[in-house]
Amino acid sequence: VMLTHENLRFGGMASATLRGMTRDDVIYGVLPVTHVFGLASVVTAATYAGAMIRMEARFSAAKLFDALQGGVTLLSAVPQMHALLMQYTKEQGHSKLQSDKLRYVSSGAAPLDPAWKRKAEAFYGVALQNGYGMTETTAGVCASRNPLGSDDISCGPPLPGVEVCIDETVPGGGDGAGEVLTRGPHIMLGYFRNPDETARVLDADGWLRTGDLGRLDAHGHLHILGRSKELIIHGGFNVYPPEVEAALNDHPQVIQSAVIGRMKEGDEEVLAFVQVSDDDRPEVADLRSFVAQRLAGYKRPKHIILATNLPAAPTGKILKHKLLAAFAEALDQT
């Protein structure tokens, strides 16, 4: 993805302004700066504001726990980081984080659910903000600005200067849902030496096709339903993995989960991979009963695989494309 200096300047300015960053802030820098989330939302934003970055080479729940009690004021992370930090804190005998400096926490790269948001806010003691973006948009498209206790689980409104619309004509679209399109000063120049792919996603009017499914609510806030390529069509019905994951993650013994589809006998079945602790391991039957109260029948996982670890990137983000291979033996036994 070719990003201009102006793209990065805009992304850093938008992030710093949104958070009210100053030179007195300390932002935790564990998001890889080889990726746009860490580059624009952490490094460029801190540079714009003159703030300090506490850099870490690799994510560790223990190091993050210590840093948050040692002066860090802003934390931008993916949901898996939050989940692993809360699990680590619990293992240390604490029910919540103790920090008198932390003032801003955000979660990106996956939709929120109300129960998990309430749990995270009780843990941190500050509002959990959500956002949406991608490499092609220099990280940011939308971001929330909610007070503590708000029931808003959207990605928030578009950033100032950014436009968003919904194309309902795509597969999985209709009734207000569809592919998210966006344009503005955050949009990439194009894909390097790949004009055909650039033309496929970027039109003459500057609109970028994100490949994500979403909807805009009555307040103009964006709700992400999932990646169009991750949409599961089971029995002719659309199943959005984030909704199933949210139902599983609400269980008190679940650390995090990942849901994918697998083609089987002409239909896609829903598979759930659930990370749990050896010391507090739920029964699969209990999880099935739990999600049955929260999901329609066609959305419920056909198979639930329990594991103490899921394949993950250095940030802790689950690598969904590796799940089938990693748990092939367990799936063969189901």
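How many helices and strands does the protein chain have? And in helix α8, which residues are buried?

Modeller: This is a predicted model, in which local features need pLDDT of at least 70, side-chain atom pairs count only at pLDDT 80 or more, and totals for chains, interfaces and linings use all residues. Residues are numbered from 1 along each chain as its sequence is written, and side-chain values use heavy atoms, with hydrogens and water left out.

The protein chain has 10 helices and 15 strands. Both are DSSP runs numbered from the N terminus: helices are H or I with at least four residues, strands are E with at least two. The radius of gyration is 20 Å, close to the 20 Å of the globule rule for 334 residues, so the chain is as compact as a globular protein of that length. That radius is taken over C-alpha atoms, and the rule is 2.2 Å times the number of residues to the power 0.38. The C-alpha trace spans about 55 × 50 × 40 Å along its principal axes. Of the 334 residues, 52% are buried. Buried means under 20% relative accessible area, exposed over 50%, and partly exposed in between, with a 1.4 Å probe and protein chains only.

Now the close look. Helix α8 runs over residues 284-292, and its buried residues are Leu 287, Phe 290 and Val 291. Seen down the axis of α8, they fall within an arc of 90°, so they line one face of the helix. The arc is that of the directions from the helix axis to the C-beta atoms. An α-helix has 3.6 residues a turn, so residues three or four places apart point the same way.

What does that face meet? The buried residues of α8 pack against α7 (241-249), β14 (267-275) and β15 (303-307). Contact here means heavy atoms within 4.5 Å.

Elsewhere, a few single residues are worth a stop. Asp 167 lies in strand β7. At 16% relative accessibility, Asp 167 counts as buried. Its side chain makes a polar contact with the side chain of Arg 209 at 2.4 Å. A polar contact is a pair of N or O atoms within 3.5 Å; within protein, one must be able to donate a hydrogen and the other to accept it, and residues adjacent in sequence count only if both atoms are side-chain atoms.

Asp 175 is found in the loop between β7 (163-167) and β8 (177-183). Asp 175 is not a glycine, yet has a positive phi of about 55°. At 83% relative accessibility, Asp 175 counts as exposed.

Last, the cysteines. The structure holds 0 disulfides, a disulfide being a pair of cysteine sulfur atoms within 2.5 Å. The sulfur of Cys 142 is 6.6 Å from its closest cysteine sulfur, in Cys 155, too far for a bond. Cys 142 is buried at 3% relative accessible area, and Cys 155 is buried at 5%.
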